[in-house]
Amino acid sequence: MSSTSAHRLFKLFAIVTLLTLLMASCAPAPTPAPAAPAPAKAAEPTKAPEPTKAPEPTKAAEPTKAPAPAAAPKVLIVASGQDISNLDPHTGDGYSNRAMQRNVYDALVRYEGNPPKVVPNLAESWTISADGLEYTFKLVKDARFHDGSPVTAEAVRYSFNRSLKLKKGGNWMFASAMDENSVSVVDDTTVKIRLTKPFAPFLSVLPWMFIVNPKVVEANKGQDEGQTWLKDHEAGSGPFVIKRWEPGNLYELERFPGYWKAGGGNLTGAIWKITRETSSQRLAVQKGDAHIAVDLTGDDMDFLKGSPGVVLIEEPEFRTFSIKMNYQNGPFTDIALRKAVSYAFDYDAMLAAEGEGHAVLMRGPLPPGILGADPNLEVPRMDLNKAKEWLAKSKYPNGGVKLSYIYVSGLEIERKFGLILLDSLKKLNLDLDVKQLVWTDMVALTKDPKTTPDFFPVYQTANYADPDNIAYAAYHGSQNGNWSNPTYNNPKTNELIERGRTTLAEAERIKIYGEFQRQVVEDAPDIFGVLENRKLAMRDSVLNWKFVPIASNAIEFFPLSLK
Amino acid sequence: MVYYLLRRVLFIIPVLFGLTLLTFTISHLVPGDPVMLVAGPQATKEEIAALAAEFGVDQPLPTQYVRYMAGLLRGDLGRSIMTRRQVADDLRLFFPATLELVLAAVSIAVLLGVPLGIFSAVARDRAPDNLIRIFSLGSISTPRFFLALLLQIVFGIILGILPLGGRFPTLQTPPPTVTGFLTLDAALARDWGALVTALRHLTLPAFALSLSMLATIIRMMRASVLEVLQQDYVLTARALGLPQPLILFKYVLKNAFISTLTVIGLYFGWLLGGSVLVETVFDWPGIGLYATNSIIALDFQPIMGVTLLIGIMFVVTNLIVDLLYGLFDPRIRYT
Amino acid sequence: MMPTSDHPLLDIRDLYLDIQVFEGTLHVLNGVNLRLARGQVMGLVGETGCGKTLTGLSVSRLVATPPGRYPRGEIWFDGRNVMTLSEAEMLKLRGRRIAMIFQDPATNLNPVFRISEQMIDVALHIAETSDDGGFLGRRLSARGRRQAARRRAIALLEHVGIEDAAHRIDGYPHEFSGGMRQRVLIAMALLGQPQLLIADEPTTALDVSVQAQILRLLYALVKEYHLSVLLITHNLGVVAQVCDEVAVMYAGNVVECGSAHRVFKSPAHPYTRGLLRSIPTPQTRRGELMGVPGNIPNLIQPPPGCRFEPRCPHAMPICRTAFPSAVALQADHQVACYLYGEGRP
Amino acid sequence: MTATSAVTSMGPLAHWRERNQSRFENWRRGFYRFRQSTLSLVGLGITLFIFLVAVTGPLWVPYPEDAAGAVHVKERFQPPTLAHPFGTDELGRDIFTLVVIGARVSLAVGVIVLLSAVTIGVLLGAIAGFFGGLVNEVIMRLTDIFLTVPSLILAIAVAAALGPSVLNMMLAISLVWWPGYCRLVQAEVASRKQDLYVQAARAAGASQRRIIFTHILPNITSPIIVKASLDMGFAILTAAALGFVGVGARPPTPEWGLMFSAARSYVPQYWWYPIFPGLALFLTVFGFNLLGDGLRDVLDPRAKR
Amino acid sequence: MSAPMPFLLQVENLGKYYPLRGGFFNRPIGVIKAVDGVSFAIREGSSFGLVGESGSGKSTIARCLLRLEEPSFGRIIFEGADLLKLPAEELRRRRADMQIVFQDPFASLNPRLTVRDIIGEPLVIHTPLRGEALSARVVELLEMVGLGRQYLYRFPHEFSGGQRQRIGIARAIALNPKLIILDEPTSALDVSVQAQILNLLDELQRRLRLTYLFISHDLGVIRYICDRVALIYRGKIVEEDETERIFTAPTAEYTRTLLAAMPIPDPDYSPYRS
């Protein structure tokens, strides 16, 4: 070697380069290398015999053995694309928030079964007065909040009044039938609710009314009734408490050891893992990185078919999709044009776009299977002759109009429907401007019929298993200016809806809703779309899971077990 | 030197001020109304008004800006309308992830790019040089999201040797947070298993992010080495009998690296902003993902926060690069 | 040190060099012949592009090949043909036996390293490639070797006239003036106690007053160390003042060489004469300056025969046939021109 | 005057040829140098090919209606066959058709973004560099601010704010693209201003206009052309990134980034869906980069290989 | 000897100071006196030499004369008018009478312009000549500097250094100026070419009755071409006199040093060989 310093420099360079290459090509190589016990599965905890590591369940013994020992904690991972923005049960909405709320809080009653039934929870029993206005709930005696204080009638009253005061979240479901005096404490374990007017589906909305611990809320009340604090803290009595809270990434719950209710599964905790792409969720379940994926598309389900260790759950659920037409402004004030479009739309393509067997076509405004839904309703199906007939009767017999369709940014399926609509309208010589917009902006547009687009695609989820949910939100004129029903307003329909929600007798209601459906189809305010199945994929290690067709992606962890 | 530093810092202020003005203007060009999102579908007019007041968006724009700047001086970046959290808190939470990713990418690019660039220059116009040229031009031409997806498919799905995304396995408890860098934290905690795990998660995203920078550094380094090799002092060194390796790896390297330093500084800033696509594909919980989500929701406080943060990082990095010049190049005097 | 001293130290024989450029092949050296005796200072003069620098670089084998190519020629240095030596063997010659300094002292020192660093590296390398360890002797520790090298560098700097060298050696090149930098470069070149110093336009970038100082220093060192020097320059005045011998190059050929006195007093080649008459001297009156008409030839397609022929006032038909071989006018004066010797018509 | 008669006695064509002979010679040499590099020629080939495809595509694509938004849901996700060389997408559209027509969008975005960025950048940069002083300070600080902002995020934000559409996307990208040119031109103009031939023109009494347009700008076109040809690829990539994030082109515009973003959900099963738009994007950008790299070798003497 | 010619150019107490900036606010903390109160005068038809080493301020004087730099103080009287007080339009007109040839023939010609455009530029600016007439005048100028019409449409890079300097000279004489400032016009050239250029300058001076301000560091060249010489050192003139007087009987120490350092191509005059 000519020069030692040059040589040294060269060597240093060689080493650095090599190291980099190693790092880049990475440390993985889970394959042999018996000396280095690289983790074979991502979900497997690290080893290394470190006595200090407390939460580490695996015990080092033989580092070569991969799978977790029997005593391992049972933590369920749910992959979801929707972040958890608000844990406050009285303001936080949306399925992801609800999922967390459901597991750290309890409500008076729960949903169970398919079709869903309201069953006791904090309330062990209840009575309803004959006029349907007064509900008396008997609470379980030993229910305790996480700080050990009992769940009392006062806590129930406090919770209802907090919700009524804040007027946020799920409050709209019962607010029209209650005021601040509605709830009264009879004794520690008895609470009475007196409605201001009859409200048939009252019991069905109660599973979403969670009871908070007044002591804790008062202690953290701040300036805003504790809204800020409760956003990422809890004051519940539910089976789980918060362990990790990493916004945008993951939310971990762990089992509350002193839960008042006996039984349940063997879960020691659960993680709500934000996985934005549905394809990533699919892969996570496939690879075992997650136990349950909740936002899958029909294609994802098809891809997963036959994957070892994966169980696919696909069930119809009360979630309608329809494309609303602007009833009050623009070309669609013309019923003939609405009809023409209804007949021109390629329903089969829409169904096909969902993938084979992942959805059914809607028959009118109500989801099939819900109380009063008429399976024999005559609804438009693609029929170009009829479409052209209607078009000829309209103000635009030769088409030539440019219509607008606005869908939610990033919502793939709505984009597809838009493109199908565009293709269908071409046959009537109608043009379509397909535009995506953030949901916020879409909502803003619906405030005024003048800004509401000609076509407005909307999903309507049933929060409670009652036709009133859909009918009132989506077709009652009072909702005009809201995204759920921006423009449709027919006094006759309104009257039917109001009658439906205040009538208590079931048979009578079925009749009312039958008439309601016929009226809506007659008015043709929507292209009635599809009822998508709920699509969940699950590892076969998840046990005791039962499908309930209400918010089935907001999973209750308590009954579940992991193999 | 101190004067220089102080003056440079003073010069930064108008730039940052302009930056806030720019981002503020653009975020308020947004036609939509973010308050609607928070208020929820069933909100009444009064509720919306109350919320608007809460966030201050009912004020005229100049007032909003003054308020924002006043908050900024107190370290208050405002609140995200969507998550209702303090933007500063969010940034604290997400920024380390991005910084770790970017630093890893920059390290890969520098540690691989510098030797490859030298090699390319030495092998000028011969087969290895042409191969490296094709590689680097190809790398610059590959869309990041395409590359990220390819890497995911090959290493994550087909070979299955690297994780598909995320920073750390969901089930495992990450090492205690000290620096916010999982790799460093793991090393500090002497949790070698966690370190390996964190590195495994870091590999694909960092590589996907680094490739275009790697390519640029190779090209820069090649050009500078070729240029330096033309310099008289290299001829003198050779004429006085110094061997080629010593000349190349000591004398030429330092000179050539100085011109590459600018690129490293610039890229550092660009990668912070450019991590958006990689973070999206790899579900990397950093500010890029945070920014995209905020932009999609037209939630402007976080957008401003992220932009400002990256802007500051960019300015600071370039300041550091300038100072590093002084370290490498004694001709530069800071007065 | 084997060969007898009656061999010239440097003997360039019929050296040809082609350089491939974008436009074609430049025939830059066209059979250069040059002999430099021990202890002599030879001035290699010529104008831009005549190949004098490339001749100097060729001696140290510093012309990159490619794009360069030596179709023919030998360069004998101290009894060995350097054209046949390997790069490893050349490394032992460069710096130690043949040292070079170049034109612009501002660009010939690496601006980002301390003078000490650059000098110590050269010194260490030279010593390490010596069979006996050079001035380092058998010193083993790296630290000790560096310190010895440093001491040597400081001593040389002082010798070339840099005051306070022990401190200034840790300065950077930009902290030195042009003349001082050239002194540093000279000190660096002397680190290996070379036999041959090739100085390529060492004073061209300097002001005349500084040039005089550097020339004085060079001259003193040459005599002190008994160096042979090949001084490459375009400045005939410099050559006249410091050189024992002179070789005049034109377009890749040495057209005239000999003792400085003879060449300046009785230039034989038309080009040399033209050159000397181009320089205004105190005796030159307005309008008497002659110059050499025309331009230097295109080296891709050089004139056949004598390359000066197109500009030559005495051009003859024979000049277009082949390059004339050198004719000795005196023992110490040769010229390559058809006006002299047997080729004379 | 012999010279005058020589000039006037020449025919106009010969005169024109004489005047431009040296210019042609320069071009010929430039092209010769360019031709020396195989990679540059490949780049030119790819670029010409993409332009050709973009221009003629509508004439020969097998399913032109698909690019306009026709759907054939029953034929969704057909793997590549003769009928559908690149397969079909989630709505049964022919991916080959969409990719071919997509070239038009990408090229249009690239060209228009560069044109506007170069126009703004050269204008501001020349003003700043030439006049110096306060004007320079104001313009360059503004440029600094724009350079400080993370360009991709800014482009995404602007595009999101304006609402997705190809036009808005171009606007958004142009807005973040000009500062690079402004800085380049400013530096070049400021240094050209010191050049001796500009001094000579000043000494001759040339007006500022004349100095800028005759002496400075023609001498900085090379770096601008080089930067523009290298930037073309990046502008296309940025447009695709915007499409990918969902703030760029809007359906049914067949834009590659948008297609890729939709396709991402269907890997690895329907691999052909993302691969072809991705490859098209890569090929186009690669072509421009090879071309730009070759042009730099020819036009930028400092980067001589 | 006829009666002395009148002064064409008088420079009186010319100074150019550059601020030296420093400190926190980069405020001027001193001045660099590049030119510090220089006075000299040039007679019509004569050659005046300005000699100095690098950094002595000689080029700054040239730039000040042409108003490429604003002098800090002093008067420049050209044909009786103080250039520093002239209105812009008048100055522009006067410029036609005062031209410059730069040192570096490679940088002083716009590489994008043809010879016709380069030499024709002063004509376009100051005269109504256009088209064929312009070409004819340019050809005429080319021939005056020893080039031919075949070069009319060539670009600078196609020429050798000497040829480029000829083009530069052609540009300078295009407007028939009275004064030409020659800023080291030959120092970038080889001696054989330098001689050609010096001869050309000599010839043009006689033919066009030009006045030269010849700036150089080369004493030999100055001695050859100049009638009067001023030596400038650190912004100040240290000695000024008839050329022969300076070279034969220098008074200033600096002049003597400079003369002693001047290498003469004669082996008999070596200061080094003992």
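Q: Which residues of chain A are linked in a network of salt bridges?

A: They are A:K243, A:R244, A:E246 and A:E252. Start with the general idea: side chains of opposite charge can pair when their charged atoms come close. A salt bridge here is a side-chain nitrogen of Lys or Arg within 4 Å of a carboxyl oxygen of Asp or Glu. Keep in mind that this is a predicted model, where local features need pLDDT of at least 70, side-chain atom pairs count only at pLDDT 80 or more, and totals for chains, interfaces and linings use all residues. Residues are numbered from 1 along each chain as its sequence is written, chains are lettered from A and ligands numbered from 1 in the order in which they are written, and side-chain values use heavy atoms, with hydrogens and water left out.

Q: How many salt bridges are there over all chains?

A: A search of the whole structure gives 78. One of them joins A:R244 and A:E246, at 3.6 Å from N to O.

Q: Which residue forms a salt bridge with A:D431?

A: A:K402 does, with the closest N and O atoms 3.9 Å apart. This pair links distant parts of the chain, 29 residues apart. A:D431 sits in strand β17 (residues 431-437) of chain A, and A:K402 in strand β16 (residues 402-408) of chain A. Strands (E, at least two residues) and helices (H or I, at least four) are DSSP runs, numbered from the N terminus. A:D431 is partly exposed at 38%, while A:K402 is exposed at 53%.

Q: What does C:R13 pair with?

A: C:R13 forms a salt bridge with C:D11, the closest N and O atoms being 3.0 Å apart. C:R13 is partly exposed at 37%. C:D11 is buried at 5%.

Q: How do I read an interface, and what do chain C and chain E bury between them?

A: The size of an interface is often given as the accessible area lost when the parts come together. Buried area is that loss with a 1.4 Å probe, summed over both parts. Chain C and chain E bury about 3400 Å², 54% of it on carbon and sulfur atoms. In chain C, the residues that lose the most area to chain E are C:V208, C:Q241 and C:R286, together 23% of what that side buries. The contact (heavy atoms within 4.5 Å) takes 43 residues from chain C and 36 from chain E.

Q: How many salt bridges and polar contacts cross between chain C and chain E?

A: The rule finds two salt bridges. In one, E:D268 pairs with C:K265 at 2.8 Å between the closest N and O atoms.

Q: What do chain B and chain D bury between them?

A: They bury about 3900 Å², 79% of it on carbon and sulfur atoms. Here 47 residues of chain B are in contact with 46 residues of chain D. The count is two salt bridges, with three residue pairs in polar contact. One salt bridge joins B:R219 and D:D293 at 2.7 Å, closest N to O.

Q: Which residues are buried in helix α2 of chain E?

A: First, the general idea: an α-helix has 3.6 residues a turn, so residues three or four places apart point the same way. In α2(E) (residues 88-95), E:L91, E:R94 and E:R95 are buried. Seen down the helix axis, they fall within an arc of 105°, so they line one face. The arc is that of the directions from the axis to the C-beta atoms. The face turned away from the buried side carries exposed E:E89 and E:R93. What covers the buried residues includes α9 (196-203) of chain D, with β4 (73-78), β5 (81-82) and β6 (98-101) of chain E.

Technical notes:
Buried area = accessible area lost by both parts, 1.4 Å probe. Buried < 20%, exposed > 50% of the residue type's maximum accessible area, 1.4 Å probe, protein only. Polar contact = N/O pair within 3.5 Å; in protein donor to acceptor, adjacent residues only side chain to side chain.
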